[in-house]
Amino acid sequence: MDRSTIDQWTRATNAASEAARRRAGEALRTLAAGFAGEDGAIAPGRVSAFRECAEEVMEAACRAAADASAVAAADAYEAIRAAATGRAGGALADPRRDPAATRGAVRGLVGQVEKPGGVGRFLRRMDERIDYEAKRASGECVLLNGRRERSAVRFARVPSGIETCAFCLMLASRGPVYLSEGTAGLGHYHAGCDCRIVPWFPGQEVAGYDPDALYGKWKLAEKKKGRES
């Protein structure tokens, strides 16, 4: 299989994240400006009201990013399965999202806005949260559809961006050995990640995906980290 399906999937996931982050960023900056004092911080007595408004913004943004990412993942799942098996059939565009986790992220970080400079830090973390939820929805949608198959489907973590963090390199270097999200960190997601959780059918290959080469990159990254520590 060539890389076009995975690359298109990554572009769609990133586009969903970027659109939601842009809208949420504008809304949260406007919101914060209305609550903040002259020093740019939000007084403790106003944080609760600000948090409630921020939760609404983040719920809408994360839901939009996750839903669009799940659609892209379901389309990619269908294309990969058709290329590998010749079979078609309705992949679910389910992001497996937990709104309570979004609210928890807002509540866990909102205390920063009481300090000078804290509003900016809070907005950056909310931006990262939206991207995380988009990337998580993409992977979780694939895992869900893999479990719905009658035959066992394996999964591989396939890097698709310019840079890949050391931990993701390690996971990707294991090849298509994963059977579920509970296997050795397969369900690991983070903001800025362009790895895709790819369903793997018997006989399948992906152009440019070389676990041995990825293992070598991971070892080099670990050596560099050791020298810098």
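**Figure 1. Crossing of helix 3 and helix 4 in the predicted model.** The axes of helix 3 (residues 99–109) and helix 4 (residues 118–148) come within 10 Å and cross at roughly 160°. Because angles over 145 degrees count as roughly antiparallel, helix 3 is described as roughly antiparallel to helix 4. The crossing of helix 3 with helix 4 is right-handed.

**Figure 2. Residues at the contact of helix 3 with helix 4.** Helix 3 contributes Ala-101, Thr-102, Ala-105, Val-106 and Leu-109 to the contact. From helix 4 come Phe-122, Arg-125, Met-126, Arg-129 and Glu-133. By residue class, the contact comprises 6 nonpolar, 1 polar and 3 charged residues.

**Figure 3. The salt bridge between Arg-21 and Asp-127.** In the whole structure, 14 salt bridges are found, and the pair of Arg-21 and Asp-127 is one of them. The closest N and O atoms of Arg-21 and Asp-127 are 3.2 Å apart. Arg-21 is partly exposed, having a relative accessible area of 24%. Asp-127 is also partly exposed, with a value of 30%.

**Figure 4. The salt bridge between Glu-55 and Arg-107.** The closest N and O atoms of this pair lie 2.6 Å apart. Glu-55 is buried, with a relative accessible area of 11%, because buried means under 20%. Arg-107, by contrast, is partly exposed, with a relative accessible area of 47%.

**Figure 5. The salt bridge between Glu-59 and Arg-63, and the network around this pair.** The side chains of Glu-59 and Arg-63 meet in a salt bridge, with a distance of 3.2 Å from N to O. Both residues lie in helix 2, where they are 4 residues apart, about one turn of the helix. Arg-63 is partly exposed, with a relative accessible area of 39%. Through salt bridges that share partners, Glu-59 and Arg-63 are joined with Arg-97, Arg-129 and Glu-133 in one network. Arg-129 and Glu-133 are also among the residues of helix 4 that make the contact with helix 3.

Methods: Residues numbered from 1 in each chain as written. Predicted model: local features only at pLDDT ≥ 70, side-chain atom pairs only at ≥ 80, totals over all residues. Heavy atoms only, no water. Axes fitted to C-alpha atoms, helices over the stretch in contact; angles between N-to-C directions. Helix = DSSP H or I, 4+ residues; strand = E, 2+ residues; numbered from the N terminus. Parallel < 35°, antiparallel > 145°, perpendicular 65-115°, else oblique. Left-handed = near helix turned anticlockwise from the far one by under 90°. Contact = heavy atoms within 4.5 Å. Nonpolar A, V, L, I, M, F, W, Y, C, P; charged D, E, K, R; others polar. Salt bridge = Lys/Arg side-chain N within 4 Å of Asp/Glu carboxyl O. Buried < 20%, exposed > 50% of the residue type's maximum accessible area, 1.4 Å probe, protein only.
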